[in-house]
Amino acid sequence: MEMYVSYSWLKELTKTKKSAKDVADLLSLHGATVEHVVVWGEKFEDMVVGEIVEINPHPNANKLKLVVTDIGKKKVQIVCGGANVAIGMKVVVALPGASVVWHGEGDPVVLEETKIRGEESHGMICGASEIFLEKLISHAEKDIADLSHVDAKAGTPLAQALGLDDTVFEIEVTSNRVDVMSMEGVAREVMAIEGKTYDLKKTKAIKAGKEKLKVSVKDAKLCPRYQAVKMDGIEIGPSPDWMQSALFKAGVKSINNIVDVSNYVMLEMGQPLHAFDAAKVDEIVVRNAKESEKLEALDDNTYELDPAMLVIADSQKPIALAGVMGGAPTGISDSTTSVVWEAANFEKYTVRKGARSILLFSESQMRFEKGLSVFSTQRALERAVELTMELAGGEVVSEVVDTYKGTYKPLVYDFDTNDARLFGFEVDVPEAKKYLERLGFEVSGTLKWKIRVPYWRDGDIEDSRDFVEEIVRMYGYHNIEGTIPMGVSEAQADPLFGLRKNLEQYLVGKGFSEMINYSFVGADDLTRAGETVHNAVHVLNPLSVEGEYMRTSLIPSALLSVARNTSHTNSARLFEIANVYHKQEGLPKEELRLVCAIWNAKSKTPLFYDLKGVFGDLLDGYTSVQHEMLHPGRSAEVEGVGIIGEVHPHVLKQFGIEGSVAVCEFSMEGLAANLKARDAFQAIPEFPGVKRDIAFFVDKKVLYKDLENAISGAHDLIAGVELFDIYEGKGVPDSKKSMAFHIEYQDPEKTLSMEEAEAAHKALEKSLKKLGAEVRN
Amino acid sequence: MKKDLEKIKKSALSAIDMVATPNALQDVRVQFLGRKGELTRLLKGLKDLDGEKRKAVGQAANFVKEEIEAALSARESALEKARFDAIAKEEWIDVTAPGSSCETGSVHLVTQTINKIVDIFASIGFSRVAAPEVEWDYYAFEALNMPKEHPARDDWETFFIDEGVSKKYGKQVLTPHTSNAQVRILEEHDVPLKVVNIGRVYRRQADASHVPMFHQVEGFCVGDNITIADLKGTVEYFLHSFFGQDRKIRYRPYDFRFTEPSFEIDIDCDVCSGTGDNCRVCKAGWVELAGAGLTHPHVLKAGGVDPDKYSAFAFGFGVERIAMMKGVSIPDMRMLYQNDLRFLKQF
C-alpha cells in the first residue's frame with residue numbers, strides 16, 4: 001500500500017527537529033519504507049503567480065494571444081493559447097528555467113526564452129497538468145489554471161502561494177500495518193523512533209440532538225459497528241486552502257468541504273468515513289445486496305451487486321457498497337444542506353471480496369480490507385463533526401447512533417524477556433520496554449511481561465512472537481553485529497547438481513551454448529514433435545496457449561530455440577538441463593534431463609556422429625530405436641539413459657528448420673549411473689608395440705559394434721583398435737562398405753617382435769573373414 | 001701431402017666464410033668432412049704411407065680437421081645469431097588481428113549466476129537441495145502460515161494445475177517461490193540444517209521487466225540457537241562476496257507471513273551511486289534485493305520441529321535480479337529465455 005506523507009504535516013504532529021531526509025531515512029530503517037522523497041518546492045522552481053494586465057491578438061496565429069502579465073518585478077509578454085485568459089486573472093507563470101510537461105504528456109522539459117510564430121514569449125502560462133497540479137486545480141482541457149481565488153500577490157513563488165513548499169514521502173506500508181495508513185500512525189512511528197511518545201489528538205465529544213435516526217444492521221459479524229449522526233444547516237462550498245493543499249499532497253482530489261472533511265479525517269486518523277445527503281436517505285440498513293441489485297457509485301459507474309456483498313441501503317435500494325464507495329444519488333452535492341455522517345467498521349474479507357469482484361478500489365476499501373479496529377470510529381466521527389462545523393457550519397440535530405454493544409477488551413500477551421534467544425544481541429530490558437510503550441503498548445512486570453495491545457494494533461499482533469519484531473526494529477537491524485552459524489547440516493547436496501555443473505563445463509568446451517526455455521509449451525509444439533498431450537500436465541490459467549502444457553520432453557523447445565537462430569547463422573550447438581513433467585497419481589513426476597541439439601543448415605555427413613562423438617566413449621550400449629520424432633534410420637537408444645538421433649525431416653519441416661538436427665535427450669539420473677567410472681588405474685605400456693593397418697570390404701549391414709568385438713577378440717596381443725576410414729561408393733562393390741582400422745599390437749611383458757605381430761595380424765585377418773570381410777592388401 | 005692439407009684447409013675456411021645459410025654450411029661440411037669429403041679422402045690415403053710419416057701427416061690432418069670443425073661451428077653460431085636477430089622483422093605478425101577461431105559454447109547467464117551463488121553458500125556450509133516445481137498448495141502457501149483466502153496470497157500471481165486435488169494438500173500449483181522447500185526439508189531431514197534451494201518459479205506476469213518463469217534462491221537455516229544476528233551475518237557474507245566488500249546494505253522492517261520478525265534487504269544503487277537523484281532503477285538510492293526473517297513458529301511446527309527448542313531463519317531473492325544488478329543490464333527480461341545465440345554467447 002502506498003501512502004503520501006507531507007513532511008510539514010508530520011512536523012506539526014511530531015514537532016520533530018530532524019530534516020525531511022533524516023526523517024525519511026529513520027522511517028525506512030525502523031518503520032515503513034520511504035520509497036521516494038518528492039521535494040515539491042523544487043518542482044515549482046522558477047514558477048510564480050502572475051496577474052494578466054493586457055491581452056492582444058497574436059498577429060500570426062488565430063488561436064494564440066499576446067498576454068502581458070505582471071510577474072511582480074516587471075510586466076512581460078507571454079504567448080498563450082488558453083481559452084479562458086482574462087484581464088485581472090491570476091495565473092501560473094513558468095519562467096525560463098522552469099521544468100514543465102508539455103500538454104501534460106511526456107518527460108519534463110526546461111523552458112527557454114523563445115519566439116512563438118515570430119512573437120517573443122517570456123515563459124509560459126500553464127495548465128494544471130503541465131505543472132503536476134491536475135489533482136489540485138481542475139479546468140477545461142483548453143483552459144489554463146485559474147489562481148484568482150488564491151491570496152497571493154503577483155510575483156509570489158508558486159510553491160509558497162499554494163502551500164506546496166513542502167516535501168512529500170512516498171511510503172510503502174506493509175499490509176499488516178494498517179495503523180500506519182494515517183498521519184497519526186506515521187507520527188507515532190516517527191516519535192517512537194526518536195524516543196518520544198505521540199499522544200492522540202483530542203477530539204470534542206459530540207453534543208447530540210433530539211432527532212431519531214433509523215439505523216439497523218442485519219448481520220453484526222459483517223458490520224460489527226455502525227455509528228451515524230445527522231447535521232443540519234450545512235453550507236457546501238470549497239475547502240480552505242490549507243485543507244486543499246493537504247489533500248493534494250496526499251494524492252487526494254479536493255471536491256467540496258464535506259467530502260474533503262471525510263477524506264481529511266481518513267488521512268489524519270486512518271478511519272474512513274462517509275457522508276450521505278440526509279435529504280435523500282430515509283433510513284439506513286446495513287445488509288447483504290440482493291440478487292441483481294445495482295449501485296450507481298460516486299465514480300459515475302453502475303455496478304451490479306451480488307448477495308456476497310455488503311451494502312448500506314435505504315428503505316428501497318443500496319446507497320453505498322460498504323467500506324468501498326458511496327452511491328452518486330445520495331452523495332453530497334452543491335444543494336446539500338443536511339448530512340448523515342457514517343463511521344463504521346466492516347468485516348475485512350467481505351470488503352475485500354466485494355471490491356475485487358467488481359474491480360472497484362478506493363482509499364477507504366484499502367484500509368478496511370486490511371482490518372480496522374472497531375474502536376477507531378468514535379474519535380473519527382467526533383473529528384468529522386468538529387471539522388464540519390468549522391468549515392461548513394451547521395449543527396448536530398440527531399442522536400449519535402452506535403450499534404456496538406460490546407465492551408472493549410484489549411488483547412493481552414505474555415512475553416518472557418529471559419527468552420531472548422532469537423535476538424542475537426544483548427537486549428537491554430528496560431530500554432526494550434520503552435520501545436513498546438512508545439508504540440502504545442502497555443507493559444507490566446519486570447522480566448516476565450504482560451503486554452496490552454493498543455486498539456489500533458488489534459488486527460496485526462497475533463502472537464507474543466510479534467513483540468520480538470517490535471523490539472528489534474526499534475533497536476535497529478543495522479545495529480546488530482552479524483555472525484555466521486556454525487555446525488554441519490544434516491542435508492547433503494543433491495549429487496545431480498555436481499554432475500550438472502561438470503556437464504555444463506564439458507559441453508561448453510565442445511562448443512555448446514546453454515539455453516533456458518520456459519517449462520511450459522503449447523499443445524501444438526508437443527504434437528508437432530510427436531509427443532502427446534495425454535501425459536502432459538495442464539496449466540489451468542496459462543498466460544497464452546503457448547504455455548498451456550508442462551514439457552514432457554525437452555526436445556520441442558530445443559527445436560523452437562534452434563528455429564529462432566536459423567535466420568542469422570548456419571549452425572548451432574545448444575543444450576539445456578531441466579525438468580520434464582509427467583502425470584501420475586498425486587504430483588507429477590519431475591525428471592531432470594539433458595537435451596543437446598546440433599543443427600547444421602548444409603551438413604554433408606550424418607550429424608548423428610557429430611553428436612555421438614560429443615560423448616566420446618563416456619557412454620556405451622547404443623542400440624537402434626524407432627521414435628516418433630527421430631529419423632527412422634538414424635536414431636538410437638542408450639538403455640536407461642535416453643535417446644539420441646537425427647530429428648525426422650518431417651518434424652523439422654513442422655518447426656520450419658532447414659538442414660538437419662541431431663538431438664539427444666538423456667536422463668540425468670541415467671547419465672550419473674552410466675557414465676563410465678574413471679577411477680581405475682591402467683598401466684602405461686613399458687615396451688614398444690607394433691602398429692599395423694588393416695582394410696577390408698564387408699557387407700554394409702554388418703555393425704561396427706560386431707566388427708570391433710571381432711577385432712578386439714581376435715588375438716591377445718591386440719591392444720588398440722581405431723577406425724580411420726569408412727567408405728561406400730566408387731570402387732566398392734554394391735552392398736559393401738570399405739573399412740580401414742589402425743591396429744596396435746602390444747605385449748605388456750616384453751618388446752614385441754615383428755614375427756609375433758605378424759602372427760597376430762594373420763589371426764585377425766582370419767577372424768574378419770569369418771564375418772564375411774574381404775581383406776584388401 | 002702437407003701441401004694438400006694446407007690447400008684443403010684454406011679452401012674449406014674460405015668456403016665456410018662465404019656461406020650464408022645453415023644448409024650451405026651443411027654442404028660445406030659434407031664437402032670436406034663427409035664420408036666422401038676431401039679431407040676424408042686424403043686421410044684414407046694415409047694408410048699407404050709408412051710409420052713416421054703417417055704419424056706426422058695424420059697429426060697435421062687432425063689439426064686441420066679440428067680447425068675446420070671449429071670454423072664450421074663458429075660459423076653456425078654466427079648464422080644462428082643472425083637469424084635470431086632477424087626474426088623480429090622477418091617473422092613479424094599483426095598481433096591485433098583476430099585469433100584463430102576455436103568454437104566454444106557458453107553457460108547461460110542465469111546458470112553462471114546460480115553457480116556463483118552456490119559456491120559462496122557452500123563455503124559457509126550451505127548445501128544445495130531440490131524441491132518440486134509443481135507443488136501442493138499446502139507447501140507453497142498453507143504450511144507457510146498463509147491460510148486460504150489470506151490476502152498475502154495476492155502477492156503471488158499463481159498458476160494452477162488442473163490435476164488431482166488432495167484432501168490433505170489442496171490444489172496443485174506451479175510454485176511461485178522457492179520457499180516451498182522449507183516445510184519439505186524439515187519433513188525429510190533432521191536438524192540442524194543449512195540449505196539453499198535454487199530453482200525455477202512461476203508467476204502470471206509477462207512484460208519487459210517480468211517473465212512468467214524465473215529463478216529464486218531460498219536460504220534456510222535451522223538450529224538450536226539461530227538468531228537474527230546469524231541471519232544478518234549470513235546474508236551479509238553472501239552479498240559482500242557477490243557484489244564486493246564496499247557495497248552498502250540496508251535492512252528495512254517488512255511483513256512476510258512465514259517469518260517473524262521480517263525484513264527486506266536493500267543494496268546501494270550503483271546506477272546513481274546511491275544518491276537516488278532522478279534514478280529510474282532505485283528507490284531513493286537503494287535497490288530492493290531480498291526478503292528475510294526468522295522462520296515463523298507455525299512453519300517450524302508444520303515441519304514437525306519444536307519452535308521452543310529450535311529456531312530458524314530464511315531468506316529469498318531472485319537470480320535474474322541480482323544478475324542484472326551485477327552490471328548486466330538487459331532492456332527486456334524476455335530476452336533471457338529466447339535463446340538467441342547472439343545473446344547467449346555474450347556471457
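Two residues are taken to be in contact if their C-beta atoms, placed from the backbone, lie within 7 Å. The model described here is predicted.

Chain A contains 20 helices and 40 strands. Its C-alpha atoms fill a box of roughly 125 × 85 × 55 Å along the principal axes. The radius of gyration of chain A is 41 Å. For a compact globule of 777 residues, a value near 28 Å would apply. Buried residues account for 42% of the 777 residues of chain A. Among contacts in chain A with a separation of 6 or more, 70% join residues 24 or more positions apart.

Chain B has 11 helices and 10 strands. The radius of gyration of chain B is 40 Å, whereas the globule rule gives 20 Å for 347 residues, so chain B is more spread out than a compact globule. The C-alpha trace of chain B spans about 125 × 50 × 40 Å along its principal axes. Of the 347 residues in chain B, 44% are buried. Residues 24 or more positions apart supply 67% of the chain B contacts with a separation of 6 or more.

Within chain B, helix α7 covers residues 181-188. Its buried residues are Ala181(B), Gln182(B), Val183(B), Ile185(B) and Leu186(B). Both helices and strands of chain B are included in what covers them. The helices include α6 (137-140) and α9 (297-302). The strands include β1 (127-129), β5 (193-202), β6 (213-223) and β10 (311-318).

A helix pair was also examined in chain B. Helix α5 (residues 109-122) and helix α8 (residues 228-243) of chain B have axes that come within 10 Å. These axes cross at roughly 135°. Angles over 145 degrees would count as roughly antiparallel, and 65 to 115 as roughly perpendicular; α5(B) and α8(B) are therefore oblique to each other. Their crossing is right-handed. On the α5(B) side, the contact is made by Lys116(B), Ile120(B) and Phe121(B). On the α8(B) side, Phe238(B), Ser241(B) and Phe242(B) take part. Four of the residues in this contact are nonpolar, one is polar and one is charged.

A helix pair in chain A was treated likewise. Helix α1 (residues 7-14) and helix α5 (residues 183-193) of chain A pack at an angle of about 65°. Their axes are 9 Å apart. The crossing of α1(A) and α5(A) is right-handed. From α1(A), the contact draws on Trp9(A), Leu10(A), Leu13(A) and Thr14(A). These meet Met183(A), Glu184(A), Val186(A), Ala187(A), Val190(A) and Met191(A) in α5(A). The contact of α1(A) with α5(A) comprises eight nonpolar residues, one polar and one charged.

The two chains touch each other. Their contact takes 81 residues from chain A and 77 residues from chain B. On the side of chain A that touches chain B, the helices giving two or more residues are α2 (20-30), α8 (348-358), α12 (466-475), α13 (495-509) and α15 (555-565). The strands giving two or more are β2 (33-39), β28 (513-514) and β31 (571-582). The largest share, six residues, comes from α13(A). By residue class, this side of chain A divides into 33 nonpolar, 29 polar and 19 charged.

Notes. Residues are numbered from 1 along each chain as its sequence is written. Chains are lettered from A and ligands numbered from 1 in the order in which they are written. This is a predicted model: local features need pLDDT of at least 70, side-chain atom pairs count only at pLDDT 80 or more; totals for chains, interfaces and linings use all residues. Helices (H or I, at least four residues) and strands (E, at least two) are DSSP runs, numbered from the N terminus. The radius of gyration is taken over C-alpha atoms; the globule rule is 2.2 Å times the number of residues to the power 0.38. A residue is buried if 20 or more other C-beta atoms lie within 10 Å of its own, exposed if 12 or fewer, and partly exposed in between; C-beta atoms are placed from the backbone. Axes are lines fitted to C-alpha atoms, for helices over the stretch in contact, and angles run from 0 to 180 degrees between N-to-C directions. Angles under 35 degrees count as roughly parallel, over 145 as roughly antiparallel, 65 to 115 as roughly perpendicular and the rest as oblique. A crossing is left-handed if the near helix is turned anticlockwise from the far one by less than a right angle, and right-handed if clockwise. Ala, Val, Leu, Ile, Met, Phe, Trp, Tyr, Cys and Pro count as nonpolar, Asp, Glu, Lys and Arg as charged, and the others, Gly among them, as polar.
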